Amino acid sequence: MATVPARRPTETFDLVTWVVALRRRGAPPVTVLAAQDQAWTSLHHEPHRDVRRTLAWVLRAVASDDPHEAHLDAALRVAARDLRRPPTTGSTQ
């Protein structure tokens, strides 16, 4: 019997979006760091290779305090679009 809860298809996307929102709202750094850690963990289980790549870029940009909010928004739109397609080859599942 599996003890791990089922993974939502948008779990990683939702977590990365939350990280971006926390940073934009000026949340304490420890809160943003905890959210980033959770997002990175989820990213390792993301079956969509393209989504995984895009969201990893977003997390690295947030970690480096990239000031280009438009780049983050564009990357999140690309990841959302890619989530609507079936997983590509090179998936983890």
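Arg-23 is located in helix H1; helices (H or I, at least four residues) and strands (E, at least two) are DSSP runs, numbered from the N terminus. This is a predicted model, in which local features need pLDDT of at least 70, side-chain atom pairs count only at pLDDT 80 or more, and totals for chains, interfaces and linings use all residues. Residues are numbered from 1 along each chain as its sequence is written, and side-chain values use heavy atoms, with hydrogens and water left out. The protein has four helices and zero strands, in the order α-α-α-α from the N terminus.

**Burial and contacts overall**

- Of the 93 residues in the protein, 37% are buried, where buried means under 20% relative accessible area, exposed over 50%, and partly exposed in between (1.4 Å probe, protein chains only).
- The protein exposes about 5900 Å², of which carbon and sulfur atoms supply 61%; accessible areas come from the Shrake-Rupley method with a 1.4 Å probe, and for residues only the protein chains shown count as cover.
- Among contacts (heavy atoms within 4.5 Å) between residues at least 6 apart in sequence, 69% join residues at least 24 apart.

- Arg-23 is buried, at a relative accessible area of 17%.
- Leaving out residues up to four places away in sequence, Arg-23 touches Val-32, Ala-61, Val-62, Asp-65, Asp-66, Glu-69 and Leu-72.
- Gln-36 belongs to helix H2 (residues 29–43) and counts as buried because its relative accessibility is 8%.
- Beyond its neighbours within four places in sequence, Gln-36 is in contact with Val-19, Leu-59, Val-62 and Ala-63.
- Ala-34 is also placed in helix H2, but with 47% relative accessibility Ala-34 counts as partly exposed.

**The nonpolar core**

- The largest nonpolar core has 22 residues, among which Val-16, Val-19, Leu-55, Val-58, Val-62 and Leu-76 touch the most other members; such a core is a set of buried Ala, Val, Leu, Ile, Met, Phe, Trp, Tyr and Cys residues joined through side-chain atoms within 4.5 Å.
- H1, H2, H3 and H4 each give two or more residues to this core, and H3 provides its largest share, seven residues.
- Val-58 touches Val-16, Val-20, Leu-72, Ala-75 and Leu-76, not counting residues up to four places away in sequence.

**Helix H4**

- The buried residues of H4 are Leu-72, Ala-75, Leu-76, Ala-79, Asp-82 and Leu-83.
- These residues lie on the same side of H4 because they cover an arc of only 125 degrees around the axis, taken from the directions from the helix axis to the C-beta atoms.
- Exposed residues Ala-70 and Arg-77 are on the face of H4 turned away from its buried side.
- Helix H1 (11–24) and helix H3 (49–63) are among what covers the buried residues of H4.

**Salt bridges**

- The whole structure holds nine salt bridges, each a side-chain nitrogen of Lys or Arg within 4 Å of a carboxyl oxygen of Asp or Glu.
- Glu-69 forms a salt bridge with Arg-24, with the closest N and O atoms 2.4 Å apart; Glu-69 is in helix H4 and Arg-24 in helix H1, 45 residues apart.
- Asp-73 also forms a salt bridge with Arg-24, at 2.6 Å between the closest N and O atoms.
- A network of salt bridges links Arg-49, Asp-50, Arg-53, Arg-81, Asp-82 and Arg-85.
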